[in-house]
Amino acid sequence: MELGWLLWGAAVLLLLHVLMELSPAVNFALRIGFYSLLCLLASALTAPVCLLVNGGRTVKNMRIIKTVVKTFKYFFGLRFEVKGLENFKVEGPAIIVSNHQSILDMMGLMEILPDDCVQVGKKELMYAGTVGLIIYLGGVIFINRKSTSSAKIVMAEVAKSMATDNVKVWVYPEGTRNCTGDLLPFKKGAFHLAVQAQVPVIPVVYSSFTSFYNPKENLFTSGKIKVEILPPIETKGLTSDDVSDLTDRCFHIMRETLFRLSGSPS
């Protein structure tokens, strides 16, 4: 009986391997499915550890979450080449802005996430099962992207807590995932926040994933991701009148860096 199950299991694994080799769509679906399952299982196992060690919702849990997620890259054959980590070493709070490409961004985020840094994420993430639970425990700040007034209230509270709790805040200024190899226009919320709190903006750029990850082409293989943390941009003395210029400046710096890291023509 046990031998029968082993033979059936081996046959299924062999069939899946053959299908993955023959069909990019099957390969993509299986890898995405495995990634989703890994996220759910890791979150379920990590949540009790966070509760036991830190007692509840706190940014300190990100150290635990980071340790777990940093192992994910080995399952998918991803390598990170990081430059400029010293630029995170600024005194006091800061706004970190980075490009947002896919569901794989979580691995890139946790690869370099500095201590005492919280992320801003869409409210819908709260309902993503155990993943929603673990990011809640990690102190992620949720905003309702469909309600401008609600988002502004949340960001105003973030500005106050940054100074009180001495934390950095990570924001994706594109507002949504973008796996085109370019940047979408930046929303100004993060830059209003930086000017309001008079804290520096630290741009972070990840090279394009398109050479190894592209949902439209059912592409998901191994690959290398270059990451560069750029020097902080000071906002002291700036006012709301300067937000547009600050946004544009950051956009152009990050776009040039993205093209350089990805080996793409500007």
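Predicted model: local features only at pLDDT ≥ 70, side-chain atom pairs only at ≥ 80, totals over all residues.
The side chain of Gln 101 reaches the backbone oxygen of Ser 207 at 3.0 Å, and it reaches the backbone nitrogen of Phe 209 at 2.9 Å.

Residues are numbered from 1 along each chain as its sequence is written, and side-chain values use heavy atoms, with hydrogens and water left out.

**Around Gln 101**

Where does Gln 101 lie? Gln 101 is in the loop between β2 (95–98) and α5 (105–112). Here helices (H or I, at least four residues) and strands (E, at least two) are DSSP runs, numbered from the N terminus. Gln 101 has 5% relative accessibility and so counts as buried; buried means under 20% relative accessible area, exposed over 50% and partly exposed in between, using a 1.4 Å probe and protein chains only. Contact means heavy atoms within 4.5 Å. Not counting residues up to four places away in sequence, Gln 101 touches several residues, including Arg 177, Cys 179 and Tyr 206.

**The whole chain and its cores**

The protein chain has 9 helices and 9 strands, and buried residues make up 46% of its 266 residues. Of the contacts with a separation of 6 or more, 76% join residues 24 or more positions apart.

A nonpolar core is a set of buried Ala, Val, Leu, Ile, Met, Phe, Trp, Tyr and Cys residues joined through side-chain atoms within 4.5 Å. The largest one has 45 residues, and Met 107, Trp 170, Val 204 and Tyr 213 have the most contacts inside it. Its largest share, 8 residues, comes from α2. A second, separate core of 33 residues includes Val 59, Met 162, Phe 186 and Phe 251.

**Rings that meet**

The structure holds 11 aromatic pairs. Rings of Phe, Tyr and Trp (its six-membered ring) pair if their centres lie within 6.5 Å; planes under 30 degrees apart count as stacked, over 60 as edge-to-face and the rest as tilted. Phe 186 and Phe 251 form an edge-to-face pair, 5.1 Å centre to centre with 85° between the planes. Phe 186 lies in the loop between β5 (168–171) and α8 (189–197) and Phe 251 in helix α9 (residues 243–262), so the pair ties together parts that are 65 residues apart in sequence. Both Phe 186 and Phe 251 are buried.

Charges also meet rings here. A charge sits over a ring if NZ of Lys or CZ of Arg is within 6 Å of the ring centre and within 35 degrees of the ring normal.

| Charged residue | Ring | Distance from ring centre |
|---|---|---|
| Arg 31 | Phe 220 | 4.6 Å |
| Arg 57 | Tyr 136 | 4.6 Å |

**Two annotated spans**

UniProt, in an unreviewed entry, places the feature "transmembrane region" at residues 35–53 and 125–143. Its positions are given in the numbering used here, feature names are shortened, and annotations may be inferred rather than shown by experiment. In the model, residues 35–53 are 100% helix and 0% strand, with end C-alpha atoms 26 Å apart. Residues 125–143 are 47% helix and 16% strand, with end C-alpha atoms 10 Å apart.

Key. Polar contact = N/O pair within 3.5 Å; in protein donor to acceptor, adjacent residues only side chain to side chain.
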